[in-house]
Amino acid sequence: MASHPKLQTRSLSKAYTEGETHHPVVRAVDFELAPGETVVLVGRSGSGKSTLLHLLAGIDLPDSGEVWIDGEPMTGISETQRTRLRRRKLGLVFQFFNLIPTLSVLENVLLPLELVGQRGPAAKRAATELLEAVGLAHRTGVFPDRLSGGEQQRVALARALVHQPSLLLADEPTGNLDAENAQRVLALMRRLVKDVGHSQLIVTHNPEVLELADRVLHLVDGKLVPAPTEIPAYVQ
Amino acid sequence: MYSRLLARAGWRFYRRHWLQTLLMLVGIGAGVGLVTGIEQARQVALRGFELSAEGVSGQTTHLVQRTDDRGLPDSLYLALRLTHRQRELYPVVEGYLAWAEQPGSTLRVLGLDWLAQSPLRQDWLALPPGQPFPLPELLTTPAVILPQAVADRAGLTLGDSLTLGVGGRSTRVWLAATVADPNGQLGSLALTDIATAQTLLGRPGELSRLERIATSPSAPFDTAALARLLPPGVAVQPVGVQSRQLTEMTAAFSHNLRALGLLAVVVAMFLLYNTLSFLLLQRTPDFARLRAMGVTPGQIVGQVLTEITVLGLAGSVLGVGLGLGLSRLLTALVVQSISSLYFTTEVAQVGIQWPAVALGLLLGVGTTLVSGLLPARAAAAVPPRHSLMRSDQESTLRRRLRGLTLGGLACLALAAVCLFVPAGGLGGGYAGLLLVIAGVALLVPRWVMWGSRVLGWLLQPLPSTFVRLAVRSIPQSLSRNATAIAALAVAVAMTVGVSVMVASFRTTVIVWLQGSLEADIYANPPGLLARRNDQVMDPRLVAAARTLPGVAQVATYRDLFTTVRGTKVSLIAADIEGLSPTRYRFAQGDRQAAWAGLQAGGVLVSEPLANRHGLRLGDSLHLPTDRGPQPFAVAGVYYDYASDLGVVTLLRSTYNRFYADSAVSALGLYLAPGADTTAVIRAFEAATVGVQALDIRTTRALLTTSIATFDQTFAITQGLRALTLIVAGIGLLGALLALALERRRELGILRTLGLLPRQLWALLITQTGLMGLLAGLLAVPLGVVLAWGLVFVINRRAFGWTLQFQVATAILLGGVVLAIGAAVLAALLPAWRVGQISPAAAIRYEES
């Protein structure tokens with residue numbers, strides 16, 4: 001069986017219109033992400049990184065261009081199909097954690113499994129193991145508002161990985177954490193994602209994240225540009 | 001696909017927001033409670049007279065009775081049973097009696113022929129063990145049998161006496177036995193012998209009806225053969241027909257009661273929509289997160305609708321409980337109204353009326369679902385990118401403002417069609433009023449925009465920034481505030497509308513009474529019905545009245561029920577010849593022609609009757625008489641507000657030609673010039689001693705009593721109006737709590753800027769007071785339009801009355817004050833909670 005790129009885009013573009021003015025945010029972006037590859041996407045604030053990530057995750061729609069996840073098109077399909085594809089193939093981590101406040105730590109991690117039809121003891125075992133791996137096995141019954149930022153992000157990471165997605169998309173995963181917690185989350189991302197051989201795309205400003213990267217992509221005014229020789233000022 | 005975790009997340013949200021959820025449940029419960037309570041009370045009251053219409057035995061198949069409410073002669077029974085061998089017919093004398101030792105209590109007396117009906121004793125009466133059936137006592141003494149519970153309530157034991165009476169006569173009877181009635185099926189029944197019942201009711205030689213009790217369920221019965229044996233004006237009908245007729249009599253009254261309950265539900269719906277949409281809006285970030293994780297819009301809408309259904313059901317169950325409790329209170333008011341307006345009935349012991357419960361549950365769940373559909377759709381439409389924030393919702397509403405305004409105007413146009421086209425009937429009338437409410441509600445966002453702009457301009461000169469801030473923040477949260485203002489405006493408009501309607505009705509009745517009460521003194525035997533003279537006067541007193549010094553002329557009235565085209569109407573035979581016809585104001589026909597037609601043997605019909613049956617001047621109206629059905633020419637249609645059932649008036653001389661009845665129900669005494677009214681009353685009272693007690697009143701006193709009766713019959717309307725306001729108040733409290741919570745961040749920032757908790761409190765109270773003002777200013781014209789619809793459409797289509805329209809300034813001003821007061825009152829708790837906000841927590845609010 002031929003091996004697909006985990007992520008592939010072709011001429012991906014997106015613009016926002018405000019009155020008569022047209023603001024291109026993502027411009028003809030083409031790139032691929034190979035199986036097991038970790039790509040870090042950097043760029044100034046407002047360069048279109050988050051929008052690009054949203055387009056890749058299918059939570060926003062491009063004006064033109066295409067996206068494939070593990071060989072399956074994310075564009076040109078219905079909202080429901082897109083949602084189903086996302087729930088099977090992707091794991092998402094956000095800067096502000098986005099845990100469901102009314103579900104406990106364990107339930108937050110169980111939710112993606114339940115959405116793909118996995119319930120019962122096996123699902124619970126998988127979720128618990130992952131929570132052990134992120135060092136939160138002792139806090140399974142706690143609700144998100146009782147967790148520190150670092151703990152919340154570790155739960156979010158467990159939640160993003162529990163259903164074995166083809167690709168992890170992380171938007172500023174350390175952006176809202178102090179240095180110690182950021183280190184801890186990065187260590188987990190290395191151990192649980194990179195070392196295991198999962199593919200991931202990380203949007204960041206944090207230079208320490210670059211250490212995870214097999215490849216770094218630079219986004220300038222919505223366009224991918226060749227990597228600069230030095231670490232740019234916006235990565236700090 | 002059902003997700004247990006999604007469901008759990010949803011319920012935990014409601015648990016965390018328990019106060020808002022509780023208020024929502026109470027809001028649903030109050031609306032449902034009102035509808036269930038009204039329905040249960042109505043059923044209990046109707047059951048009271050159904051008891052008397054079902055026959056004394058479960059085996060009763062047919063009733064033989066007059067088409068009017070006079071009795072049958074004893075001789076008819078004897079002839080049918082003995083001569084024509086109708087052995088399955090049994091006589092019954094029935095009526096309501098006031099119980100002197102228990103003021104305000106009535107007993108339904110049922111006189112039976114215990115010798116002929118001996119089988120009933122076994123299958124119907126459960127006497128306590130060892131207590132023999134008191135047959136000799138019943139036949140030879142004024143003895144009664146009471147249900148054990150009734151006797152216990154009055155503290156009676158066997159052998160005790162009680163005084164019963166009606167129509168100014170009273171008789172002492174004694175308790176000969178009690179019967180067990182564990183389910184209260186017998187109500188306040190007093191069983192006695194026929195002769196005793198006739199004495200008690202003042203109807204010697206008269207039977208209320210004959211009942212055909214089948215010896216076996218399959219026994220054939222030739223009704224046509226029996227009908228041929230009956231004299232004119234007496235009919236044989238299957239059991240149940242009378243019950244249906246009585247139900248029809250109260251149909252318009254019942255519809256109006258239901259409509260009042262439904263209006264409360266409409267008010268609750270606005271508030272529910274507001275609360276639900278706010279609760280779901282608070283979960284927008286959660287929905288976005290779930291969508292990003294792969295939860296489909298369908299799953300979200302399914303989950304939300306499930307939650308709403310369960311909440312609706314829980315609120316409805318709570319409401320049904322409330323309603324059943326409330327029905328105890330309402331039953332007394334409904335029974336009082338029905339007894340004043342139509343016929344004596346009683347508070348029957350009946351179990352839970354499941355149709356009332358089902359109606360409440362259905363309305364509760366249905367209303368919650370309808371209110372939640374739009375918010376659920378909005379929740380499902382939350383895009384996973386989590387960018388739909390309040391500002392999006394506000395801008396969406398602003399974009400739709402034009403469409404909403406046009407929709408509102410379209411609703412008002414449609415409402416006009418419903419209200420002005422008579423073919424729509426009562427249903428069309430109510431639909432029209434609902435469309436008026438819906439139309440105005442759709443115009444509310446535009447009104448809030450304009451109104452707050454005007455308020456801002458008016459308050460501009462004030463030095464306080466906070467007042468300006470209070471005004472400006474109203475249109476800022478337009479989507480939320482407009483719904484709260486609409487709900488408050490509808491509730492207050494309903495109050496204004498009902499108040500204007502009642503005031504108009506009251507004025508019309510007073511003017512009508514002042515015009516029609518021409519005599520100086522009125523006298524009638526005291527009856528149990530407030531609006532009808534259903535008792536007969538002793539003929540000696542009629543004769544005595546004519547000889548009283550100072551009396552120039554005596555008008556007599558005979559008032560009884562008859563049947564016109566299958567419905568009960570009042571028939572009044574008036575001995576008013578020689579008097580002026582000025583008492584009548586005519587809707588059709590002129591006074592002189594009508595008077596002439598009346599003297600020529602025609603009849604006058606009241607406006608409600610003419611409207612119901614489409615009767616016009618010169619039409620022929622067939623009435624059942626003692627000489628068979630006879631046509632009478634309609635000589636005039638006159639305004640009358642005594643009975644919505646309709647009244648046919650004819651001269652006594654005409655009545656005497658067709659009815660073998662010399663009874664008189666009431667008298668009007670016209671005094672000679674210079675005669676002393678008090679002296680005449682005293683002389684007449686002296687003449688009644690030992691004969692029959694009469695209510696003898698001056699015209700002024702009768703007017704006062706009639707107005708008191710009017711107010712009494714509208715007591716339930718006033719009560720329901722107050723309850724609707726309570727529903728609105730609870731909903732408004734929920735909506736304002738939601739608003740305060742929603743503005744947490746903004747208010748937190750104000751706190752960080754240095755605003756004291758009390759200043760924050762004052763800011764919120766000012767803002768809600770201004771919202772109340774906007775609601776009140778809208779409620780007043782809406783209320784006047786609703787009142788117009790109630791007076792000229794609903795009253796006309798339901799009861800056939802033409803009323804004068806009276807809009808009192810006090811009611812309108814009261815509406816505005818009420819709206820402001822309700823808003824401020826409902827804002828007290830939310831404002832207090834806002835004052836407790838920790839600024840740091842509040843400004844972090846959107847990030848959590």
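This is a predicted model: local features need pLDDT of at least 70, side-chain atom pairs count only at pLDDT 80 or more; totals for chains, interfaces and linings use all residues.
A:Lys6 sits in the segment that comes before strand 1 (7-18) of chain A. With a relative accessible area of 18%, A:Lys6 counts as buried, because the cut-off for that class is under 20%.

**Around A:Lys6**

- Leaving aside residues up to four places away in sequence, A:Lys6 touches A:Leu33, A:Ala34 and A:Pro35 among others.
- The list of residues touched by A:Lys6 also includes A:Trp68, A:Ile69 and A:Asp70.
- Further along the chain, A:Ser166, A:Leu167 and A:Ser199 are also among the residues that A:Lys6 touches.

**Chain A as a whole**

- Six helices and 10 strands are found in chain A.
- Chain A has 236 residues, and buried ones make up 55% of them.
- Take the contacts in chain A between residues at least 6 apart in sequence: 71% of these join residues at least 24 apart.
- About 10,200 Å² of accessible surface belongs to chain A, and carbon and sulfur atoms hold 49% of that surface.

**Where chain A meets chain B**

- On the chain A side, 27 residues take part in the contact, while chain B brings 25 residues.
- Together the two chains bury about 2,500 Å² between them, with 58% of this area on carbon and sulfur atoms.
- Three residues stand out here: A:Thr102, A:Glu114 and A:Leu115 supply 22% of the area that chain A buries against chain B, more than any other three residues.
- Three salt bridges are counted between chain A and chain B.
- One salt bridge joins A:Glu107 and B:Arg12, whose closest N and O atoms are 2.3 Å apart.
- Helix 2 (79-89) and helix 3 (105-115) of chain A each supply at least two residues of the side that touches chain B.
- Of the elements in chain A, helix 3 gives the most to that side, with six residues.
- Sorted by class, the side of chain A that touches chain B has 12 nonpolar, nine charged and six polar residues.

**B:Ser208 in chain B**

- You will find B:Ser208 in the loop that links strand 9 (206-207) with strand 10 (209-213) of chain B.
- B:Ser208 has a relative accessible area of 13%, so it is classed as buried.
- At 2.7 Å, the side chain of B:Ser208 reaches the backbone nitrogen of B:Glu94.

**B:Asn533 in chain B**

- B:Asn533 belongs to the loop between strand 12 (521-524) and helix 18 (539-546) of chain B.
- The relative accessibility of B:Asn533 is 23%, so this residue counts as partly exposed.
- Although B:Asn533 and B:Gly167 are 366 residues apart in sequence, they are 9.3 Å apart in space, C-alpha to C-alpha.
- Setting aside residues up to four places away in sequence, B:Asn533 touches B:Asn524, B:Asp559, B:Ser665 and B:Ala666.

Notes. Residues are numbered from 1 along each chain as its sequence is written. Chains are lettered from A and ligands numbered from 1 in the order in which they are written. Side-chain values use heavy atoms; hydrogens and water are left out. Contact means heavy atoms within 4.5 Å. Buried area is the accessible area (1.4 Å probe) that two parts lose on being put together, summed over both. A salt bridge is a side-chain nitrogen of Lys or Arg within 4 Å of a carboxyl oxygen of Asp or Glu. Helices (H or I, at least four residues) and strands (E, at least two) are DSSP runs, numbered from the N terminus. Ala, Val, Leu, Ile, Met, Phe, Trp, Tyr, Cys and Pro count as nonpolar, Asp, Glu, Lys and Arg as charged, and the others, Gly among them, as polar. Buried means under 20% relative accessible area, exposed over 50%, partly exposed in between (1.4 Å probe, protein chains only). Accessible areas come from the Shrake-Rupley method with a 1.4 Å probe; for residues, only the protein chains shown count as cover. A polar contact is a pair of N or O atoms within 3.5 Å; within protein, one must be able to donate a hydrogen and the other to accept it, and residues adjacent in sequence count only if both atoms are side-chain atoms.
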